[in-house]
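Student: I would like to learn how to read a protein model one feature at a time. Could you take me through it slowly?

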Amino acid sequence: MKKYLLHLFVCCCVANSFGQDVTLDKNFKDYTADQIIKTITEGKIAIQIDTATSDIEKLQIRGIDGGFKDIPAALKVNATGYYRYENVDPQAEGGSFDLQITKGDSTKTVKVKVDKKLDDKPGKGCTPITLPTGSKCKARDYAHDFGEEISSYTDKTIVYIYDLDPKVKSAFWKVRKKDGALQKERVKFNRETLTPGKDVQFRIVNVNRLMYDVSVTDSLISYDSEPPALLKRMLIGDDTLLGGLMDTYEEGIDSHSMNESQKSTFETLNRDVACFIENYNMLQEKMLDAFDPCAEFPCCYSVGYLEIANRLANIRNQAGKLQLMMEEEKKELAKNEKNVADCKKLAEDLKKKTAEVAAAKAIAAPADAEEKKKYDKKIKDLEASEAELTKGSGECDVKKTDYEGKIAASKNNLLELAAVTASVASLPTDAELKETIIFLRNMTDQNSYYSLDYIPLDGNVLDLWVRIAKMDIASKKEAPKKDSPEEGAKKEAASGETAPEAGTKVNESGKGVMQYHINIPILWRPFVNFSSGSFAAIGRNLQEKTYSWQEVGNNGGYTLTESGYSNPAAGFSAFANLEWKVSCSVGFGPSVGVGITVEEKPKVAYLVGGSLFLGDKHQLAITGGVAFLQVDRISKNFSESAANQVVYTETQNLDYYKEFKAGLFVSLTYTVFNLTKKK
């Protein structure tokens, strides 16, 4: 949790943190001679020229000798849209130093005002780290073509853009190249269509991807249909942080009780810790820009690591000396506490000895000379011991106050040293500092938009799912292992959910989640489908002539005469169709199929023609063309007899033969599509 709070608090804007950064971003003509262009604090600085907005060709700085000289090339850092000189130590005279700018043969001198450092109180007079301003990218708004470059467009390029700029109403746009310029128009997805061969891309612009989880899942819907059983059998064949570090740091620490050497070491470390925290909080303030919906990120942002890392290493080196001071102070404290304890024990021993002397003297001296001699010697020894203890106790009384003062001083020193140690312990680790720098370096334009640069169009409908979910930055769980973009897209498509970015938690409450489902039909792409229904022949080519026997007079015999035509060929049909959609619900294309007539002896018809298709997921096909069918024809003998009105004595059994004939037909068939998705 501590790591996250540090990482998150390090997220701030930098509007007021460029005090040591001198930027020349205007054209040469916009500067006046001796103009004060910046006020800084005494110390090392960075000087930056934005080549994207300034036409200044050369920069020099006034040296000690009073002349202008080039800034050492070793201090120069080149980047897209600007170059800068870092860790420049200017020679200030009269509260300012001079820069000479050049364009062509013209030169001008501009001034930078320098304020003196503040006093040496901890955290004051600290030289801020220099943060680059970053080079601005092309604005991604309507007036600037949403940042699109016409050089990347062809006549077949179509880019759909969802603009989330908080300063205007969110909208979908379509951008394409027309007449040598980029044309922008609002998209009406209910009427939008695509054709094969187009280079289709999708972008979301002006979206802070450090604040929002963005995903666009594209898939293609194909209209599939099964061949009807009749067609399969007859035609195809069937095989069945937000806490600052300053919370743990107190400026009021006092080092008055230390000796001069200790005081110098303590105050140096104390000041360096405060300065580091001040600079680190500048990084934190810049990082919070990542969570500003209106933040505009530069094209690139090269934040230095070495300077602040060296400061942190220096603090830790000094902290090692501080630990030695604490160990020495602990030994001094233990020694003085022992001295006080010895004095107390000496006073107790004196009290006991005095009582012992008094008790010995209270006993009457013996009369025996030898015994009295022993008695006197005992009294003398006790008095000598008492005198020695009295002397020691007197010396202790003199030194005790000094011992107790040293004890109090040592305890105070240890408290002060412990406070600074706690501050040092609260500083970020090397890993956390690197994460901060990496995070800042990623606060670039590439994280202010989302782009899907290739979308295949080999289906009937382009299906897009757009999901934008606000990150829950109030809490954090351990970040899961991040999938590759390909694996992540597959999981999202399968589950309908979006994997969170590492170090964040996606808002699952539904609040702040924008989700759109977009379907765009793909027209003029040929695809095969199948339909079944009924057909009917047109005209008499596929009808059979019928004959009957007519009696001639009374028993005069029989003649064969035409009695008419059979019913038109009609029955069930099934088609395989090759279709081109010309709109969402209208298509056309060739069809081949088979039909089977509905009669006592069904016949198979082979059907070829063109179809008009009406409908989308449920489709009606009106087909017209040529049908091929075997038709019964009467034998030649009977045909001639009928023509010549030959009289037979009695009726005959008629003979027929088969003839393969072609004729026109019309058919009405129907298809219900199975919608299948593919990536």
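This is a predicted model: local features need pLDDT of at least 70, side-chain atom pairs count only at pLDDT 80 or more; totals for chains, interfaces and linings use all residues.

Student: Is Glu-192 buried or exposed?

Tutor: A residue is called buried when its relative accessible area is under 20%. Glu-192 has a relative accessible area of 8%, so Glu-192 is buried.

Student: Which residues does Glu-192 touch?

Tutor: If we do not count residues up to four places away in sequence, Glu-192 touches Tyr-160, Lys-174, Val-187, Ile-520 and Pro-521. With Tyr-160 there is also a polar contact between the two side chains, at 2.7 Å.

Student: Where is Lys-603, and why does Lys-603 count as buried or exposed?

Tutor: Lys-603 sits in the loop between β23 (586-597) and β24, and because its relative accessible area is 15%, Lys-603 is buried. Its side chain makes a polar contact with the side chain of Glu-544, at 3.3 Å. Leaving aside neighbours within four places in sequence, the residues in contact with Lys-603 are Glu-544, Gly-595, Ile-596, Thr-597, Leu-629 and Gln-630.

Student: How should I read Val-582, and where is Val-582 found?

Tutor: Val-582 is found in the loop between β22 (570-581) and β23, and with 30% relative accessibility Val-582 counts as partly exposed. Apart from neighbours within four places in sequence, Val-582 is in contact with Leu-523, Trp-524, Gly-587 and Phe-588.

Student: What is a disulfide, and how many does the count come to here?

Tutor: A disulfide is a covalent bond that joins the sulfur atoms of two cysteines. In this model the count comes to one disulfide, formed by Cys-343 and Cys-396 with their sulfur atoms 2.2 Å apart. The pair links distant parts of the chain, since Cys-343 is in helix α4 (residues 306-361) and Cys-396 is in helix α5 (residues 369-426), 53 residues apart.

Student: Which residues form the nonpolar patch on the surface?

Tutor: Among them are Ile-538, Leu-612, Val-626, Leu-664 and Tyr-670, and the whole patch has about 860 Å² of accessible area. The elements that give two or more residues to this patch are β24 (604-615), β25 (618-634) and β27 (656-672), and β27 gives the most, with five residues.

Student: What does the protein have in helices and strands, and what share of its residues is buried?

Tutor: The protein has eight helices and 28 strands, and buried residues make up 41% of its 679 residues. Its accessible surface comes to about 36600 Å², of which 52% belongs to carbon and sulfur atoms.

Definitions and conventions. Residues are numbered from 1 along each chain as its sequence is written. Side-chain values use heavy atoms; hydrogens and water are left out. Helices (H or I, at least four residues) and strands (E, at least two) are DSSP runs, numbered from the N terminus. Buried means under 20% relative accessible area, exposed over 50%, partly exposed in between (1.4 Å probe, protein chains only). Accessible areas come from the Shrake-Rupley method with a 1.4 Å probe; for residues, only the protein chains shown count as cover. A disulfide is a pair of cysteine sulfur atoms within 2.5 Å. Patches are made of residues with over 30% relative accessible area and no salt bridge: like charges are joined within 9 Å, nonpolar side chains (Val, Leu, Ile, Met, Phe, Trp, Tyr) within 5 Å. A salt bridge is a side-chain nitrogen of Lys or Arg within 4 Å of a carboxyl oxygen of Asp or Glu. A polar contact is a pair of N or O atoms within 3.5 Å; within protein, one must be able to donate a hydrogen and the other to accept it, and residues adjacent in sequence count only if both atoms are side-chain atoms. Contact means heavy atoms within 4.5 Å.
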